[in-house]
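Subject: Structure for your review

Dear colleague,

Please find the structure below, together with its sequence. My notes on what was found in it follow directly after.

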2 protein chains.
Amino acid sequence: NHVLVLGYGELTEPILEELGDRARVVIVTPDEGRAKRLTDRGYDVVTDDPSDEEALQRTRVDAARSVVVATNNDAEDALAILTARQLNPDVHIVAAATQRENERKLRRAGANTVISPAALGGHFLAESAVGGSGLETIEERLLDEQPTEPAEDGTGEADDPGTDDRN
Amino acid sequence: NHVLVLGYGELTEPILEELGDRARVVIVTPDEGRAKRLTDRGYDVVTDDPSDEEALQRTRVDAARSVVVATNNDAEDALAILTARQLNPDVHIVAAATQRENERKLRRAGANTVISPAALGGHFLAESAVGGSGLETIEERLLDEQPTEPAEDGTGEADDPGTDDRN
Ligand SMILES: [Ca+2]
Ligand SMILES: [Ca+2]
């Protein structure tokens with residue numbers, strides 16, 4: 001009943017922070033240095049290609065609560081989604097499209113939810129620019145959850161997966 | 001009483017789409033080809049550096065409703081924010097940090113609102129992965145606004161600034 005994170009990209013640290021201790025996380029990445037650093041932080045990591053069938057079987061995609069696919073390479077994401085969907089027709093797959101125009105393709109590959117960080121960012125910036133609607137409060141709530149307040153002088157990065165200072 | 005968009009990056013098209021006809025938009029970009037394409041689409045464009053004081057004076061930063069700073073280069077964004085803030089101490093400046101760790105710096109440079117697309121994306125993906133809270137509906141509302149539904153077979157890109165098919 002774990003969350004299976006396929007690959008590592010710009011969104012992965014925010015995702016790991018948000019997941020915090022809300023779920024057991026298993027990560028698949030082909031990057032050996034990255035895998036070692038994640039292991040050192042206490043994560044379960046398998047060093048393999050995120051679209052390798054054997055790797056997904058080994059990380060129990062058949063029993064996963066959900067699968068997160070969000071590297072900076074949408075083509076690799078598509079292949080990882082296709083693999084996960086093939087091995088588990090029922091699992092909830094969420095993905096991020098680095099290029100907005102790939103959102104639909106990742107959905108067709110089998111992802112249940114696909115977001116575009118650029119579209120989300122554009123949405124909130126435009127709302128803020130025209131000062132519109134109740135979204136201001138949603139935005140503020142989201143912003144408040146991000147470790148960017150000048151209260152402390154650290155880097156704002158959470159390196160310890162066991163630490164969640166936002167709640 | 002216009003929205004002044006300083007620079008052009010990955011978020012600019014989503015921002016222009018969201019702004020739609022809710023505001024008059026003036027764009028400053030040093031890229032001549034980009035400037036021409038935007039002009040052809042009906043936008044007011046000044047071909048100059050987004051941190052050039054004279055360019056910001058010419059585009060009336062003193063009378064702007066808000067300033068949007070969201071290129072893929074956070075250093076250039078910082079300089080553009082500093083310039084805009086210097087020329088108009090009261091204008092509402094919104095910005096996007098490509099690197100999450102630059103959020104605080106862009107705020108210190110003078111932006112009122114700074115978002116991180118990676119943090120936003122990670123937030124929504126993690127929420128979807130653990131199936132949590134009322135954010136699911138917010139996410140769905142946001143997703144519904146994005147032109148990614150398979151209802152039509154176009155590219156999902158809006159090239160005509162006068163067309164807003166989301167409302
Ligand atoms: Ca991606
Ligand atoms: Ca930026």
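From the N terminus on, chain A runs β-α-β-α-β-α-β-α-β-α-β-α-α, with 7 helices and 6 strands in total. Helices (H or I, at least four residues) and strands (E, at least two) are DSSP runs, numbered from the N terminus. This is a predicted model, in which local features need pLDDT of at least 70 and side-chain atom pairs count only at pLDDT 80 or more, while totals for chains, interfaces and linings use all residues. Residues are numbered from 1 along each chain as its sequence is written, chains are lettered from A and ligands numbered from 1 in the order in which they are written, and side-chain values use heavy atoms, with hydrogens and water left out.

Chain A has 167 residues, and 54% of them count as buried. Buried means under 20% relative accessible area, exposed over 50%, and partly exposed in between (1.4 Å probe, protein chains only). The accessible surface of the chain is about 7,400 Å², and carbon and sulfur atoms hold 45% of that area; the method is Shrake-Rupley with a 1.4 Å probe, and for residues only the protein chains shown count as cover. Of the contacts in chain A between residues at least 6 apart in sequence, 50% join residues at least 24 apart, where contact means heavy atoms within 4.5 Å.

A:T71 lies in the loop between strand 4 (66-69) and helix 4 (74-87) of chain A, and A:T98 in the loop between strand 5 (92-96) and helix 5 (103-109), so the pair ties together parts that are 27 residues apart in sequence. A:T71 is buried at 9% relative accessibility, whereas A:T98 is partly exposed at 28%.

Where the chains meet

The axes of helix 6 (residues 117-130) of chain A and helix 6 (residues 117-130) of chain B come within 8 Å and cross at roughly 110°. That makes the two helices roughly perpendicular. Axes are lines fitted to C-alpha atoms, for helices over the stretch in contact, and angles run from 0 to 180 degrees between N-to-C directions. Angles under 35 degrees count as roughly parallel, over 145 as roughly antiparallel, 65 to 115 as roughly perpendicular and the rest as oblique.

In this pairing, A:P117, A:L120, A:G121 and A:F124 meet B:P117, B:L120, B:G121 and B:F124. By class, the contact has 6 nonpolar, 2 polar and no charged residues. Ala, Val, Leu, Ile, Met, Phe, Trp, Tyr, Cys and Pro count as nonpolar, Asp, Glu, Lys and Arg as charged, and the others, Gly among them, as polar.

B:G122, also in helix 6 of chain B, is buried with a relative accessible area of 0%. Leaving aside neighbours within four places in sequence, B:G122 is in contact with A:L11, A:P14, A:I15 and A:E18.

Backbone and local points

A:R60 has a positive phi, near 60°, in a residue other than glycine. A:R60 sits in the loop between helix 3 (53-58) and strand 4 of chain A and is partly exposed at 43% relative accessibility. B:R60 likewise has a positive phi of about 60°.

In helix 1 (residues 12-19) of chain B, 8 of its 8 residues are buried. B:G20 follows this helix, with a positive phi near 50°. In the loop between helix 1 and strand 2 (25-29) of chain B lies B:D21, which is exposed at 70% relative accessibility.

Kind regards
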